[in-house]
Amino acid sequence: MAGPFTRADFENLVPRDKKLNPDWVKSLTARGQRTTYRGADLAKIGMPIGGVCAGQLYLGGDGRLWHWDIFNQEFKTNQDHYVHPLRASAPLEQGFAIRLKAGGKAQERSMDSEHWQDVSFIGEYPIGYVAYADARCPVSVGLEAFSPFMPLNVDDSSLPATVFEFTLKNNGVGEAEGELAGWLENAVCLYSSQRRNGQRRNRVIRGSEMIFLECSAAELPPAKPSERPDIVFDDFESETYGGWSVTGKAFGSGPVEAARMPSYQGDVGARGKRLVNSHGSAPGNSVEERDAAIGRLTSPLFTIERNYITFLIGGGAHEGKTCMNLLVDGTIVLSATGPNANRLQPMSWDVRRWMGKTGRIEIVDEETGAWGNIGVDDIVFSDRPRVPLGPLAEEPDFGTLGLALLDAKADDLANTSANGLARDAFFTPEVVAEPTAKSFGQKLVGSLVRKFKLAPGESVQVRFLLTWFMPNLKMDRLPSGRFYAAHFDSARAVADYVAKNFSRLVSGTRLWHDTWYDCTLPYWFLDRTFLNISTLATATCYRFGNGRFYSWEGVGCCEGTCGHVWHYAQAVARVFPELERMLREQVDFGLALQPDGAIHFRAEFNNIPAIDGQAGVILRSLREHQMSPDAEFLKRNWPAIRKATEWLIAKDGDGDGLIESNQHNTLDTDWYGKVAWLSGLYLAALSAAETMALDVGDRGFAVQCRTILETGQKNLVAQLFDNDCFMNKVDPHHLDAINSGTGCEIDQVMGQSWAFQVGLPRVLPERETHAALRSLWRYNFTPDVGPYRKAYPAGRWYAMPGEAGLLMCSFPSTDWDYAQAKGKGPEWAAGYFNECMNGFEYQVAGHMLWEGMLTEGLAVTRAVHDRYHASRRNPWNEVECGDHYVRSMASYGVFIGACGYEYHGPKARLAFSPRLTPENFKAAFTTAAGWGSFAQQRRAVTQAHQLHLKYGSLRLQHLAFEVEPGKRIRSVSVHQGNRRLAARFQQTSSKVEISLDETLVLQANQSVELEFEIG
Ligand SMILES: [Ca+2]
Ligand SMILES: [Ca+2]
Ligand SMILES: [Ca+2]
């Protein structure tokens, strides 16, 4: 992309001249081609392919499904998957294959990269396209896979379902005859089946719309009451481990005395005096040193002669690394970890299926990092579980799974149980048509088969559907259940719904896809700015049984739908505005709002507000009002919005428009002094509050906001703008606090960025804002972060040496540096300055586009896009402190910047001022109740615009567009079909505002055309 560089270029660590390659610069704006991945690039691809808030299932680069986080297990992620991306793996058997006869030869191929010479993948969220071809096979196969997805239609986009449409084409010269089979392992109780007994059941239901393989599970009758006494295998009350063999240092020479364990471990709840605890018994004087020790205990052999092995377990939750294993005949058959807590929990393994066999227990600590320890006590063989197990039907992974073959045909085949896993077993002849049941521990795989016969050149489509229903979600301190269970009661009911509504759901999904990509913007840009909405279809996001929408910051990391992270994310409000309105009403103005107006940024999970999160809620309220069809949302919430604004005003104190006291923010510490970034957001929030106050007729409050805003605007520039950057003035009473000082901080003009997103008048002055953005480009954008990170190694890795990015904060002035900025706080907090965090980069990139800095804004976006090329990592998993990080949904804001889009539903106003190719521009847009496509063409004496609504409806009375600077328009004509609509216009510099005499309501498939005559 850039170079060549010499050492001198990196003297300042960030080259001032980016030396961008002219071809690369051209590629930023060129329409380009669809991104097609092949070969080694397929390995890391994981495109979310389930419904919104329905779990996390990936479509792999070769079309196989992986990850399968649909069973309500809580997976924790952190920053690691940036450096070490996940590779495809699946805990269950599922796939598709064809078997065919052509030219007298038979062949069989699974749909994966091992069985075809050429497999290619195109991921255009929400649709994944996989193509399979092989010179040795006359039939080629195309797969189109997706979960139904239509903007504005949350319910139909939230189905626990994936559609697979295969197109088989005979490219040979003779007839090709064969079968396409799909199979699914019954994985109900995938996890709970490891510790308890039960039975999996498969049956096939034939209907006219589909043939359905239903996978369920059931409890087995309880074990017969028994008088057999318990056998205490080991209570760990001796000073030595007796017959256990010991390796490593972590476990010491014998069970540790609870009373001698480090006091910070608390009362671990051991039975008796001693227990196994690889932290308590490990050498070392610190938590880290003790956790760093590893080791293993291996028990003597024993015969399994009771129904259960019961025990107490605590410590780390690292699967396979801090665990207790049961081995039968030398193979690990069961494994349990601690819960990332020292306190021991009772656990019971149902071992009836191995009765009479020889077992061995291992207690393992192979983890050297945090929670690198395991605790075990009181292993007892018993005919009763240690605590009653509760009904199987209440296990988190209990429910149903299903595979459907649509448009059922009389000769479709179904196997409820294919013997073994040989692919052959999935095809004809039908093996078992009647229901099958198998005990937990035995694999049960069913298949559905479609026959085909293709003449040369002929093709056929075969549609499968995968559905799941796992309603028993339980998360700590949160409402239970899955919202999809409010609409459905089984995987079959989901499949029925999709089958009955198939053409509407599929055509709606394709219509959105086609509308999005029928665009003059570059393919790469469309991919990147939209794909992060897929975060909704990952385990980052949830809807509980009561309908509440909730999210982590990233999968399993940092709870509470964090306000100061979410306010960067522009996608959800524009695509599914209902979900963002829920967050405002149920969370921010519901359980997070305090009597003084403060909004706790993690709702029930924390007890302080953040300045940026608080300002963000006010700005988001304006956005949610604008994305509403009427003013009801604002009316309902105005008292709370005003209160939240008053809290910020109180925080300002003296009304100078700058906040001076402690300011918690998204960089996870309290900042002090006058901070341009945070006060700028405060000013933007005042502007939003003023606008909303005027809308509801609260004139007094509008004047109050305006007065402080104007004072603040003057003070911000006078006090915090220095040459070319907005900065942070140090509070002399808090010299030890973290403080970016005169450093060039990434969010310094975010208030103005936000103002553009919601169509507010300028909050920050143009000249200084442009200077600040130019400084960010000059001092923080580097084509290679390597040299900078070599000098400043603190911080996490979201851009590796050799990769480009926009740094969070650099220190170009001689009067301030990293060491001073760091203060006396912890290194982890200061380390943020040295990172490249996608969500922040998008915020700046979108702003740059709005301000006309095209190359810079696109280059910043492209840098993130390139970091997530499939050759490096999963393009669909933008990582911050967890997978599928919410803040990355800021990328949609960059798209908004490129379109110069403004919308106000209640006022029926829509405006565009395209930043790229305004002479010929086309892009998708969404509004409160409809979406469609906007196009604009500039000619010598005219400028034409078309709005084509594709879905829903759209009320319009006011429109605005931009003409080339210096041009004046003479007249405006507005047409809906042949009907001319009466309209007036007003031009201010290059902006033209048009008002229709009457409100127009466009319905799907209707258009309106506007033409300017230029004088
Ligand atoms: Ca004990
Ligand atoms: Ca350890
Ligand atoms: Ca103040």
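**Cavities and calcium sites**

Modeller: Let's start with a lining: by class, the second largest cavity is lined by four nonpolar, three polar and two charged residues. Here Ala, Val, Leu, Ile, Met, Phe, Trp, Tyr, Cys and Pro count as nonpolar, Asp, Glu, Lys and Arg as charged, and the others, Gly among them, as polar.

Colleague: Before we go on, what kind of model is this?

Modeller: This is a predicted model, where local features need pLDDT of at least 70, side-chain atom pairs count only at pLDDT 80 or more, and totals for chains, interfaces and linings use all residues. Residues are numbered from 1 along each chain as its sequence is written, chains are lettered from A and ligands numbered from 1 in the order in which they are written, and side-chain values use heavy atoms, with hydrogens and water left out.

Colleague: Which residues line the second largest cavity?

Modeller: Thr35, Tyr37, Gly123, Asp527, Arg528, Leu531, His865, Pro875 and Trp876 do. A cavity is a set of points on a 1 Å grid over the protein atoms alone where a 1.4 Å probe fits but cannot get out, and lining residues have an atom within 4 Å of a point. Helix α6 (residues 523–531) gives the most to this lining, three residues; a helix is a DSSP run of H or I with at least four residues, numbered from the N terminus.

Colleague: What volume does the largest cavity have?

Modeller: About 90 Å³, where a volume is the space filled by probe spheres set on the grid points, joined across faces, edges and corners. Its lining has 14 residues, and Tyr568, Gln570, Ser753, Gln757 and Gln843 are the closest to its centre. By class, that lining has six nonpolar, eight polar and no charged residues.

Colleague: Switching to metals: what holds the calcium ion (ligand 3)?

Modeller: Its protein donors are Asp652 (O), Asp652 (OD), Asp654 (OD), Asp656 (OD), Leu658 (O), Glu660 (OE) and Glu660 (OE), at 2.2 to 2.6 Å. Donors are N, O and S atoms within 2.8 Å of the metal (3.2 Å for Na, K and Ca), and water is not among the atoms, so sites may look incomplete.

Colleague: Is Asp652 buried or exposed?

Modeller: Asp652 counts as buried because its relative accessibility is 2%. Buried means under 20% relative accessible area, exposed over 50%, partly exposed in between (1.4 Å probe, protein chains only).

Colleague: And which atoms coordinate the calcium ion (ligand 2)?

Modeller: Asp291 (O), Ala293 (O), Asp365 (OD), Asp365 (OD), Glu367 (O) and Gly372 (O), at 2.3 to 2.6 Å. Both Asp291 and Ala293 are buried.

Definitions and conventions. On a 1 Å grid over the protein atoms alone, a cavity is a set of points where a 1.4 Å probe fits but cannot get out, and a pocket is an open set with protein on both sides within 12 Å along at least five of seven lines; lining residues have an atom within 4 Å of a point. Helices (H or I, at least four residues) and strands (E, at least two) are DSSP runs, numbered from the N terminus.
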